[in-house]
Number of protein chains: 2
Amino acid sequence: MGKGDITRQAILEHATTLATTVGLDGLSIGQLAADLRLSKSGLFAHFQSKEALQLAVVETASERFTERVVRPGLKAPRGEPRVRALMERWFAWVVTSNNAGGCFFVAASTELDDRHGAVRDAVVQRQRDWIEVLANALRTGVVEGHLRADTDPEQVAFELWGVALSYHHYARLLGAPDSEARARAAVDRLIVAARRAL
Amino acid sequence: MGKGDITRQAILEHATTLATTVGLDGLSIGQLAADLRLSKSGLFAHFQSKEALQLAVVETASERFTERVVRPGLKAPRGEPRVRALMERWFAWVVTSNNAGGCFFVAASTELDDRHGAVRDAVVQRQRDWIEVLANALRTGVVEGHLRADTDPEQVAFELWGVALSYHHYARLLGAPDSEARARAAVDRLIVAARRAL
């Protein structure tokens, strides 16, 4: 790859994938420059500081997530099908090979939960947005009459979040072969529970 | 703290707390020696390699977990009370101030899930043991007649795991004030679902 072809976007694609294994803090402008055969000053021309690079990486990861999870999931019909579609896309994201080190956001969350600053704030905001997408999909489930009127969308979103985290954990750390089936069964149970009469 | 007072245990206590913020890989014998006012060679006398130190830290974290979560939880009566007691202790562990950077095992899991070797194996084994404790507590719930006979203890353990991870995430990263109430409600719902007739 010649120097002239390296765009800001190429740097970000590489850095975002790298961050899933080395962490946001593990990103080094020197290593990125070496990997992409760029000069350090060439890289600095795009990102004036490590924090600016980290923020751009969070943005890139968010765009990937929107592209691969949120947008296709929201194409499903409102209500229960949409909730299921979002979860299916999320599960695929969580174990996808494109994120070499697992889900970018799971890694970033653990890394940043004891820090402060703009990078943490950006990750928190993105995750709040995603919780809101899930909760809204659940709300459409109530409106469409798929889920009980007294369903607490925030509570169910909290529990769906847990299913995805547990799946990430069982699949990636424990290498449990039944993790995907367990994750689907958990979503099923949550939806069935929100459907049935009290 | 004088040189003579520093025991292997004191090194490990400090290293285990430190690992929750800097990660197992971030542990440095040099920094530990400086923090504890020990010579590097003094530290090497206790741990011949970084891996030996990391393995001992995993062991120390496991002992803390057994002490503070497993042992007191198992004192509760068999069945549903035991499941609830284990979860309550786990929740307290997850956000406790003693783990400066959050749960040792959540941090270690994210750090190690894309690596191989003895340290990862040790963490995996400890987590499998804990899943087994939870699943066994659920089995006693079936035997005692608290939970339906067709309850799948492994499935419910997977979902309880998710609740704890979601709690960790909401409380520590997002700073959500209602995270503890949500976590309790999720456990409640899981138990009630396992109780009721199909």
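Of the 198 residues in chain A, 42% are buried. Please keep in mind as you look around that this is a predicted model. Chain A is built from 9 helices and 0 strands, and chain B can be laid on chain A with an RMSD of 0.0 Å.

**Chain A as a whole**

- Reading from the N terminus, the order of elements in chain A is α-α-α-α-α-α-α-α-α.
- Along the principal axes, the C-alpha atoms of chain A fill a box of roughly 65 × 35 × 35 Å.
- If we take the contacts in chain A between residues at least 6 apart in sequence, 64% of them join residues at least 24 apart.

**Helices H8 and H9 of chain A**

- Two packed helices are described by the angle between their axes and the distance between the axes.
- Here, H8(A), residues 153–173, packs with H9(A), residues 179–195, at an angle of about 170°, and their axes are 9 Å apart.
- Since angles over 145 degrees count as roughly antiparallel, H8(A) is therefore roughly antiparallel to H9(A).
- On the H8(A) side, the residues that meet H9(A) are Val156(A), Glu159(A), Leu160(A), Val163(A), Tyr167(A), Tyr170(A) and Ala171(A).
- Their partners in H9(A) are Ser179(A), Arg182(A), Ala183(A), Ala186(A), Val187(A), Leu190(A) and Ala194(A).
- Sorted by class, this contact of H8(A) with H9(A) has 11 nonpolar, 1 polar and 2 charged residues.

**How the two copies are related**

- Two copies of a chain are related by a rotation about an axis and a shift along it.
- Gly162(B) has the C-alpha nearest the axis in chain B, at 2.0 Å from it.
- Both copies use the same surface, as 100% of the contact residues of chain B recur in chain A.

**Where the chains touch**

- Contact between the chains involves 32 residues of chain B and 32 residues of chain A.
- On the side of chain B that touches chain A, the elements giving two or more residues are H6 (104–112), H7 (118–143), H8 (153–173) and H9 (179–195) of chain B.
- H8(B) gives the most to that side, with 12 residues.
- By class, the side of chain B that touches chain A has 15 nonpolar, 10 polar and 7 charged residues.

Terms used. Residues numbered from 1 in each chain as written. Chains lettered and ligands numbered in written order. Predicted model: local features only at pLDDT ≥ 70, side-chain atom pairs only at ≥ 80, totals over all residues. Least-squares fit on C-alpha atoms with pLDDT ≥ 70 in both. Contact = placed C-beta atoms within 7 Å. Helix = DSSP H or I, 4+ residues; strand = E, 2+ residues; numbered from the N terminus. Nonpolar A, V, L, I, M, F, W, Y, C, P; charged D, E, K, R; others polar. Axes fitted to C-alpha atoms, helices over the stretch in contact; angles between N-to-C directions. Parallel < 35°, antiparallel > 145°, perpendicular 65-115°, else oblique. Buried ≥ 20, exposed ≤ 12 C-beta atoms within 10 Å, placed from the backbone.
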